Amino acid sequence: MSQKQTNKNNFKQTNNIKKIVLNENSLFIQHYKLFKAHKNQLNNKNDSFMAIGQKQPGLDKNTWKKFQNGELKSQWRLDLHGFTAHHAFLALENFILNAYRQQIRCIEIITGVGNLSQGGGILKRELPHWLNRPYIHSMILATSYVSATNNGAVRILLKKRR
């Protein structure tokens, strides 16, 4: 392969990496703008950590029962198996933001249970923290495990977009 062809290939690879970084930066800017728009909803300093599987304020009992029993079926699923923590977080943010924008009410996130001998997987452990970030938390009405025996998948009920 000639030196000119090698330089051309390296230039293409560099441009692809720059495009990925630019896309990630634009996603961050979109999320930040959404957070600023919803900041007023989270001004209450008594907002507690949203735990998975616990009824949240503002959700009526009938909807909570339907949601927890699986009568509200998830419309979209995101499987995070094989993702690194960083890429899983970016995919989760993008997924929830797109679902919220398209007015999808119920989604499912599959993290897997991870290595049980090491206390479970990092994605499963980090998911509640990611969901409690202010700009993500502002879009979520409730969270629940898909079933009592499977805590490697979480169902999320999104708020209606107004």
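Of the 27 residues that make up the largest nonpolar core of this predicted model, those touching the most other members are Ile96, Ile107, Ile109, Leu131, Ile156 and Leu158. A nonpolar core is here a set of buried Ala, Val, Leu, Ile, Met, Phe, Trp, Tyr and Cys residues joined through side-chain atoms within 4.5 Å, where buried means under 20% relative accessible area, exposed over 50% and partly exposed in between, with a 1.4 Å probe and protein chains only. Two or more residues are given to this core by each of the elements α3, β2 (106-110), α4, α5 (134-137) and β4 (153-158), and the largest share, nine residues, comes from α3. A second, separate core has seven residues, among them Leu59, Cys106, Leu141 and Leu157. In soluble globular proteins, nonpolar side chains tend to be buried together.

Because the model is predicted, local features need pLDDT of at least 70 and side-chain atom pairs count only at pLDDT 80 or more, while totals for chains, interfaces and linings use all residues. Residues are numbered from 1 along each chain as its sequence is written, and side-chain values use heavy atoms, with hydrogens and water left out.

The protein chain holds five helices and four strands, which are DSSP runs numbered from the N terminus (helices H or I, at least four residues; strands E, at least two). Along the sequence these elements follow the pattern α-α-β-α-β-α-α-β-β. Of the 162 residues of the protein chain, 36% count as buried. Where contacts (heavy atoms within 4.5 Å) are concerned, 68% of those between residues at least 6 apart in sequence join residues at least 24 apart.

Helix α3 (residues 85-101) and helix α4 (residues 122-131) have axes that come within 11 Å and cross at roughly 45°; the axes are lines fitted to C-alpha atoms, for helices over the stretch in contact, and angles run from 0 to 180 degrees between N-to-C directions. The two helices α3 and α4 are therefore oblique to each other, given that angles under 35 degrees count as roughly parallel, over 145 as roughly antiparallel, 65 to 115 as roughly perpendicular and the rest as oblique. Ala85, Ala88, Phe89, Leu92 and Ile96 in α3 meet Leu123, Leu127, Trp130 and Leu131 in α4, and the residues of this contact divide into nine nonpolar, no polar and no charged. In that division, Ala, Val, Leu, Ile, Met, Phe, Trp, Tyr, Cys and Pro count as nonpolar, Asp, Glu, Lys and Arg as charged, and the others, Gly among them, as polar.

Phe83 is placed in the loop between β1 (76-79) and α3, and is partly exposed, with a relative accessible area of 35%. Leaving aside neighbours within four places in sequence, Phe83 is in contact with Ala88, Ala91 and Leu123; the C-alpha atoms of Phe83 and Leu123 are separated by 8.6 Å, although these residues are 40 apart along the chain.

Gln103, in the loop between α3 and β2, has a positive phi of about 60° although it is not a glycine, and is exposed, with a relative accessible area of 54%. Arg162, in the segment after β4, is likewise exposed, with a relative accessible area of 93%. From C-alpha to C-alpha, Arg162 and Gln103 are 9.6 Å apart in space, and 59 residues apart in sequence.
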